[in-house]
Number of protein chains: 4
Amino acid sequence: IGETYAHQGASSLRMQEKMVQNLLTQRCLPPQGWDDQSIELLLQQLSLMDSNNFKGNVGAGEREARVYSSLVKSRNYGMAHGIGRSGDIMAMQPKAAGSSLIVQLTNYMAAHALKLAGMPKMKCHVVPLATGMTITVSLLAMSRRRPDAKYVIWPRIDQKTCLKAIMSTGLTAVPLPNALEGDMLRTDLAAMEAMIEELGAHNVLCVVSTTSCFTPRAPDKLVEIAEMCKQADIGHLVNNAYGVQTASTTQLITNAIRKGRVDVVVQSTDKNFMVPVGGAVLAAPSSDSSLLNEISSAYPGRASMAPVMDLFITFLSMGAQGFTELLQQRKQVFAQLKEGLTQVAEKHGERVLETKVNPISLAMTLSSFEDPAGRANITFLGAMLFARNCSGARAVSGVEKKTIGPFEFDGFGAHADAYPVPYLNAAAGIGMTLGDVTEFLSRLDATLTEFRKKLSVKSKAGEKTEALEGAPSEEV
Amino acid sequence: IGETYAHQGASSLRMQEKMVQNLLTQRCLPPQGWDDQSIELLLQQLSLMDSNNFKGNVGAGEREARVYSSLVKSRNYGMAHGIGRSGDIMAMQPKAAGSSLIVQLTNYMAAHALKLAGMPKMKCHVVPLATGMTITVSLLAMSRRRPDAKYVIWPRIDQKTCLKAIMSTGLTAVPLPNALEGDMLRTDLAAMEAMIEELGAHNVLCVVSTTSCFTPRAPDKLVEIAEMCKQADIGHLVNNAYGVQTASTTQLITNAIRKGRVDVVVQSTDKNFMVPVGGAVLAAPSSDSSLLNEISSAYPGRASMAPVMDLFITFLSMGAQGFTELLQQRKQVFAQLKEGLTQVAEKHGERVLETKVNPISLAMTLSSFEDPAGRANITFLGAMLFARNCSGARAVSGVEKKTIGPFEFDGFGAHADAYPVPYLNAAAGIGMTLGDVTEFLSRLDATLTEFRKKLSVKSKAGEKTEALEGAPSEEV
Amino acid sequence: IGETYAHQGASSLRMQEKMVQNLLTQRCLPPQGWDDQSIELLLQQLSLMDSNNFKGNVGAGEREARVYSSLVKSRNYGMAHGIGRSGDIMAMQPKAAGSSLIVQLTNYMAAHALKLAGMPKMKCHVVPLATGMTITVSLLAMSRRRPDAKYVIWPRIDQKTCLKAIMSTGLTAVPLPNALEGDMLRTDLAAMEAMIEELGAHNVLCVVSTTSCFTPRAPDKLVEIAEMCKQADIGHLVNNAYGVQTASTTQLITNAIRKGRVDVVVQSTDKNFMVPVGGAVLAAPSSDSSLLNEISSAYPGRASMAPVMDLFITFLSMGAQGFTELLQQRKQVFAQLKEGLTQVAEKHGERVLETKVNPISLAMTLSSFEDPAGRANITFLGAMLFARNCSGARAVSGVEKKTIGPFEFDGFGAHADAYPVPYLNAAAGIGMTLGDVTEFLSRLDATLTEFRKKLSVKSKAGEKTEALEGAPSEEV
Amino acid sequence: IGETYAHQGASSLRMQEKMVQNLLTQRCLPPQGWDDQSIELLLQQLSLMDSNNFKGNVGAGEREARVYSSLVKSRNYGMAHGIGRSGDIMAMQPKAAGSSLIVQLTNYMAAHALKLAGMPKMKCHVVPLATGMTITVSLLAMSRRRPDAKYVIWPRIDQKTCLKAIMSTGLTAVPLPNALEGDMLRTDLAAMEAMIEELGAHNVLCVVSTTSCFTPRAPDKLVEIAEMCKQADIGHLVNNAYGVQTASTTQLITNAIRKGRVDVVVQSTDKNFMVPVGGAVLAAPSSDSSLLNEISSAYPGRASMAPVMDLFITFLSMGAQGFTELLQQRKQVFAQLKEGLTQVAEKHGERVLETKVNPISLAMTLSSFEDPAGRANITFLGAMLFARNCSGARAVSGVEKKTIGPFEFDGFGAHADAYPVPYLNAAAGIGMTLGDVTEFLSRLDATLTEFRKKLSVKSKAGEKTEALEGAPSEEV
């Protein structure tokens with residue numbers, strides 16, 4: 001072939017090498033997302049750096065990363081050593097140089113993504129644990145610093161996972177009721193101060209605060225909590241499950257770090273970066289990431305690489321531009337959802353709750369749909385929506401009782417013992433499109449009309465209960 | 001096309017349906033392994049049962065299993081909801097019926113695999129955690145039953161992971177030194193009894209015993225330990241990391257369950273079933289699986305599905321026949337490795353240690369390779385082998401010192417403060433072939449010759465240390 | 001899991017079955033494109049209907065579709081029998097019911113796609129041959145009807161492939177020069193009539209007319225040619241390589257069929273449907289598809305299934321809506337390209353040729369870029385654009401001489417012995433985006449500026465020649 | 001990570017580069033097969049050399065290799081330009097340097113594979129056409145050399161494809177009946193000589209001889225035919241469909257080339273190299289490959305790359321060692337099939353035909369299974385076997401009549417008007433295993449027993465006909 005053309009082909013190969021070089025030296029999201037071929041090419045190059053893929057390697061140990069199924073091998077790009085060593089979940093594995101590079105690069109890209117989202121100067125470890133278990137291992141590591149401090153102050157948030165994450169450590173969770181401010185449920189700072197005093201600061205391991213939540217609960221007053229923790233010399237873990245995607249939340253965290261104490265911030269990979277469930281970004285201020293390192297080095301043994309690999313691929317595929325576009329799109333979609341939900345609410349004689357501080361979750365009241373016998377029927381609406389292929393919307397009665405371990409909650413799901421009205425939640429998460437909003441509102445409208453009709457007919461108790469159990473209301 | 005031929009095509013499709021039907025009703029490994037196409041077909045059918053793959057689904061929640069990258073979507077077969085709910089890691093997810101089925105079926109197939117290997121009547125949960133973290137969550141759950149019992153008796157096994165798994169819970173590990181019996185290091189039962197008495201049985205949460213280990217350490221005397229635990233009413237967790245593949249080990253566990261107390265048995269998925277690192281089979285006697293259920297229901301939130309999916313695919317691909325053939329092949333390979341290693345040892349003036357109780361790991365002495373200045377040079381042999389593409393063989397000096405948390409170990413790596421000789425370990429793990437054995441022995445022979453030459457030349461301290469650190473000796 | 005949720009999962013599976021059912025019964029493009037998972041699921045189901053994938057099949061023949069490489073197996077979805085039988089390229093294969101179904105369905109969907117594009121009532125065979133070879137086999141089949149007719153009248157179109165397609169049959173091509181009408185080169189109907197008379201209609205096998213071509217050549221005057229063929233009782237093959245994507249072209253063909261004679265119409269799959277090179281849609285009016293059937297049944301033996309499978313997947317993925325949207329988008333992009341090219345031309349003192357009849361290809365003059373020594377330098381511009389990552393644009397000098405077999409052409413590439421001006425071609429093909437147009441025009445502008453600078457410096461003969469040879473100008 | 005380990009990882013990457021380098025410089029099958037990961041890595045690197053995968057490429061032509069479906073893109077590794085240019089099917093494509101390299105390398109590796117199989121010194125073009133169409137294009141190119149020679153002498157072989165391949169060119173096939181020698185049907189050399197004389201050598205374009213065929217037809221007497229062609233100055237095309245896998249056949253061809261005239265030899269890729277149907281290796285003696293080049297350069301336009309890519313992957317995956325092992329295994333399997341078939345034949349009162357010259361196909365007589373009314377019932381046995389998942393075995397009555405174009409054949413399928421006995425064919429093709437043989441013989445035995453029982457009951461005509469039509473007996 002002509003020289004010009006051969007030259008072009010070779011320079012295309014070199015451009016791929018250049019992209020890889022940039023990734024290794026700049027250690028951040030590529031400015032533009034990579035195409036799938038370039039990503040797979042890199043994965044296969046890295047895979048060849050793992051010892052189980054060396055030509056002529058012979059294994060005489062008990063763990064040699066032999067893979068039986070070719071499907072399994074292929075979907076893991078031949079990488080089988082997992083991540084971590086006995087010494088540290090983030091440690092390089094001598095047997096798996098390629099896998100180890102992926103871990104390191106993903107950590108760096110996660111820090112870059114947080115920076116783009118509004119949290120600069122964080123050090124990140126991407127762990128193959130979802131948020132709940134990540135909180136557990138974080139608390140265990142915290143606890144080794146102050147073994148005698150047994151209490152964890154927990155501003156009430158009605159999702160089982162966070163509470164169980166505390167309980168599974170053997171520590172004692174102390175729920176702090178929320179204060180009603182207008183329609184919103186917010187951190188009761190005075191009560192928290194009193195609680196610390198009552199328990200004794202030296203007995204309090206930390207506060208676990210929450211940023212992202214279903215409205216009408218608002219993100220916790222993070223700056224004030226951080227200041228209080230600094231003052232009282234107690235730890236502060238922020239559960240920022242899906243808060244990376246909203247600028248007001250990342251700003252809140254950044255402020256809290258600046259003005260007070262934040263030890264670690266936990267965020268879900270699936271909820272913020274559109275990967276399958278299974279990972280978390282464990283972040284600490286780069287000014288003091290000592291706890292972060294302690295958490296990682298306390299991790300016993302190795303772990304699955306899968307969630308890290310999913311995020312690595314996704315970061316390369318998105319690029320910085322793709323990620324920031326997704327953040328902008330989400331913001332627009334939230335505005336549209338709010339406007340549309342207001343219209344639907346008005347049409348059915350209801351209103352949207354005033355919860356300006358919550359940047360992702362909305363709620364419309366369902367007062368006129370209450371059964372004469374009580375609100376319990378309300379949750380059935382969630383099941384009706386799911387049956388119409390609307391997932392994620394939660395109908396909250398506010399009269400549910402729930403027992404979790406030693407705790408008994410009234411009004412579970414509503415974050416308060418007695419929230420004034422029943423309501424329906426809807427959220428505008430990253431990746432939602434305008435088309436989704438339109439379709440959701442249209443189905444909601446139709447379902448509400450149908451639900452109103454059903455109200456005249458007595459609904460059977462069995463259906464109600466079943467629908468309730470299945471509802472994804474309590475999961476984070 | 002002719003009727004005969006159309007009929008044949010349709011009946012082929014029905015045979016696939018029949019295979020799926022059998023899997024769902026019989027809930028065990030298929031007699032014969034499935035081909036890859038049939039496995040992928042089933043995965044895609046199950047994937048369609050997850051709500052994020054419903055045609056026309058609209059998500060209005062904060063977690064909608066949207067997947068950004070088509071590569072990530074494809075390698076996860078479109079399944080993105082992970083496993084577990086806030087209530088239980090093993091719970092069905094209403095939003096993900098297909099994923100949930102995979103979890104259940106994998107649990108059943110794991111129990112069948114254990115049965116085939118010699119552990120009948122076990123109930124299994126396949127968890128997306130490697131063995132170390134699985135031990136941690138197991139101990140945490142145990143601890144909730146008896147919050148005041150703080151001690152964990154741990155017959156010494158020189159791998160950091162297990163010790164760290166205990167330490168990370170906040171419990172206090174109490175190492176029990178091994179007794180030298182001939183060449184072997186075995187459980188010191190008398191000392192264990194004395195230890196329980198000294199600590200007070202009510203203060204001892206449990207014993208963590210180990211079955212699979214590097215020789216000359218032998219599998220713990222499980223039956224006697226189990227009897228002692230039953231007697232003293234303390235818990236018993238068996239770390240059976242790679243013991244599923246050896247019949248004498250599974251027999252040992254089965255006997256221990258029959259005669260004494262075993263609460264849970266932990267086994268690695270990657271070491272026994274040839275999948276990438278990341279999962280464990282947590283098993284309990286089906287006669288009393290209460291702790292198993294408590295462990296799972298204490299798990300906070302969701303988790304990655306990847307390790308479960310890898311095992312699901314592998315089980316279908318292996319089938320019962322494939323798995324039993326692998327077990328048989330391993331047994332033969334072990335015999336060949338033993339014979340060959342004996343020959344190499346003799347050639348170099350060494351001998352193979354007499355450790356009949358250990359069915360998987362062998363050791364040849366390295367006495368004649370010691371440096372005049374001490375044994376520390378021995379570990380360099382491991383690095384030399386790795387550089388010659390032999391992974392997994394460990395050269396143990398027996399004079400290493402190691403500090404792990406509050407513990408200081410002499411002779412770390414050798415499971416004893418002062419094992420009489422330095423040695424080299426080699427193991428015959430599942431999937432090793434006769435060709436691997438031949439090649440390994442040939443390279444070992446050459447490396448020993450070369451190593452002997454180097455001995456006359458002073459080896460530099462730097463090399464030695466580096467080689468040592470990188471050595472995979474301490475990892476499980 | 002709750003009944004509601006299990007029900008949803010099952011109904012999702014049934015929806016997939018329903019989609020397959022619709023495809024089998026309605027035999028046309030699905031209204032909406034399918035997702036990749038549903039497509040792969042169907043492919044694997046069909047694959048199981050091929051005998052080589054029957055469980056327990058034993059082959060004792062010389063062709064058993066055994067596939068060595070798992071990569072090859074996977075990329076062909078386990079289908080290995082190819083298409084066709086010795087009797088007919090379109091015949092069902094008894095050994096491969098699944099593959100055969102794909103062939104039939106793709107034929108039906110191709111007919112539907114032509115209908116959507118403006119060619120209703122066509123019968124289609126998708127053949128695994130590109131357009132050139134498809135024309136060859138069509139002419140061979142035509143020739144068996146009238147073995148004594150040796151001439152093929154061919155209105156000149158400067159691409160080697162079509163001429164070679166005629167030559168390789170052993171028939172005698174007779175080029176018909178185009179007539180200059182304004183800027184356009186159009187079919188010289190009077191000359192064609194004279195040519196038929198001169199050769200004797202009984203000696204003329206057919207006319208091979210062309211619809212899609214680089215401007216300033218216009219699509220042939222198809223209606224008049226078809227009428228002439230009908231009158232003279234000679235065959236008529238339409239080379240419609242990339243004409244499916246332009247409504248005026250499909251309308252032209254439809255009119256020609258209605259008013260005159262069209263035996264078969266040949267269109268490229270890659271150029272119209274965005275698949276890799278390798279297939280053609282061979283279409284005939286459903287009112288008389290006898291030649292179509294003769295062509296297929298004259299095909300000796302089997303053939304690759306790959307181009308058919310690519311088109312099958314693509315049709316399912318596009319759906320009717322996706323395809324019509326692409327057609328609309330192309331039309332808009334063409335308008336934008338025309339506008340933008342006009343601006344660039346004006347800026348550089350040139351103009352866009354007036355060629356309204358050509359709906360896909362545009363040309364701007366390059367008169368002011370001619371070298372004093374002659375126009376030959378013009379082609380260098382094409383190589384410069386390719387080196388700047390602009391592919392597909394052709395710089396035509398109009399003074400190229402070319403010998404193809406017995407034919408010597410002046411002004412090759414320009415479709416005329418002496419086209420008045422040199423020019424640059426650009427086309428708006430299906431799948432081109434507005435972004436592509438903007439980027440192309442920007443680079444063209446810059447390249448023209450640079451080219452003008454180079455003109456002052458004598459360009460070396462070597463470069464020129466090389467650039468010319470590599471240029472993709474003559475390929476269809 | 002330690003230096004030693006980083007070094008190992010990097011050297012693993014360099015080993016892959018070395019393998020690629022060797023491939024490019026040595027241009028033959030790698031000594032050992034490559035693993036799938038290394039193959040995919042190379043494919044993706046080559047893909048990046050195609051212009052459609054250049055970062056930032058903008059297309060302004062009518063063919064820009066845009067690919068709509070991500071599934072299609074992925075299964076073609078992003079390569080979409082096909083192979084060939086208008087000038088030559090084997091020409092490099094300037095727009096697709098990577099694809100072009102694959103074409104060239106596959107040609108070289110095919111020549112190496114032929115050499116390993118016993119045909120040294122051949123030049124090969126791998127064409128994306130199955131054997132039938134490859135014969136057609138070869139004859140068309142031959143015909144351009146001597147346009148007046150219209151006859152093709154064709155020693156009778158009862159498979160439609162080859163005859164149709166001749167017929168579709170417009171040339172006149174002249175069948176030459178076989179001579180019965182013992183059980184075998186062999187080339188009637190005297191008759192061939194007479195035929196040439198009768199037709200006039202200047203009127204005979206060529207002989208199309210056949211090497212691989214169903215016994216009792218033997219491979220043609222190639223050496224004598226080649227000598228006769230040389231003498232008479234007429235062409236000689238060898239149809240070597242599946243003859244690469246048998247050493248006696250490759251030896252025969254090599255001898256014929258040495259002693260007489262062979263213009264081109266056509267072999268199937270799927271039948272010899274275990275890839276899906278769709279390609280052929282067109283080979284010519286490297287001492288005179290002029291016809292080979294003429295065939296390729298007469299090919300009009302581009303073609304699908306798929307069959308070439310399948311073969312490229314397979315060659316890399318097999319390596320020289322894998323291919324030679326397959327050849328050896330086939331030879332052993334043939335011996336076993338012969339022995340086993342002899343036993344089954346004896347048990348049912350039949351015998352295996354004495355056909356020593358045929359190295360791949362066997363036949364056992366079915367004389368005792370004839371219906372009193374005639375032999376037509378015999379073909380039903382083939383359908384019975386297919387219904388029992390035995391494909392490829394052919395039951396030949398020897399009394400079938402068949403019309404193909406102007407030809408009427410008696411005893412079609414038996415290669416002779418009146419072969420003395422009906423029989424069943426079975427072949428030992430490449431990739432068949434000992435397990436296949438055992439299973440086939442067992443099912444054959446059972447089916448014969450059952451067939452004998454059916455004979456007492458009148459079989460219905462409908463079944464018989466249907467079975468016959470579907471039977472794969474005539475396909476090559």
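1. Of the residues of chain D, Arg75(D) comes closest to the rotation axis, at 2.6 Å (C-alpha). That axis belongs to a rotation of 180 degrees, with 0.0 Å of shift along it, that superposes chain D on chain C. The RMSD is 0.0 Å. Such a relation is that of a two-fold axis. Copies are superposed by least squares on the C-alpha atoms of residues with pLDDT of at least 70 in both.

2. The model is predicted: local features need pLDDT of at least 70, side-chain atom pairs count only at pLDDT 80 or more, and totals for chains, interfaces and linings use all residues. Residues are numbered from 1 along each chain as its sequence is written, chains are lettered from A and ligands numbered from 1 in the order in which they are written, and side-chain values use heavy atoms, with hydrogens and water left out.

3. How do chains C and D meet? 100% of the interface residues of chain D are also interface residues in chain C, so the copies meet through the same surface.

4. Now chains A and B. Their contact (heavy atoms within 4.5 Å) takes 101 residues from chain A and 101 residues from chain B. In chain A, Glu62(A), Tyr68(A) and Arg75(A) lose the most area to chain B, together 11% of what that side buries. The two chains bury about 8,500 Å² between them, 55% of it on carbon and sulfur atoms. Buried area is the accessible area (1.4 Å probe) that two parts lose on being put together, summed over both.

5. How many salt bridges link chain A and chain B? The count is four. A salt bridge is a side-chain nitrogen of Lys or Arg within 4 Å of a carboxyl oxygen of Asp or Glu. Arg75(A) forms one with Asp310(B), at 2.8 Å, N to O.

6. Chain B has an open sheet of three strands, in the order S11-S16-S13, with antiparallel pairing. Strands S11 (361-365) and S13 (394-396) of chain B are the edges, each pairing on one side only. The twist averages 25 degrees from one strand to the next. Strands (E, at least two residues) and helices (H or I, at least four) are DSSP runs, numbered from the N terminus. Two strands pair if DSSP finds at least two bridges between them. S11(B) and S16(B) (residues 423-427) have five, in the antiparallel sense. Thr365(B) stands opposite Tyr423(B) in S16(B).

7. Ala173(A) is in strand S4 (residues 172-176) of chain A.

Methods. Axes fitted to C-alpha atoms, helices over the stretch in contact; angles between N-to-C directions.
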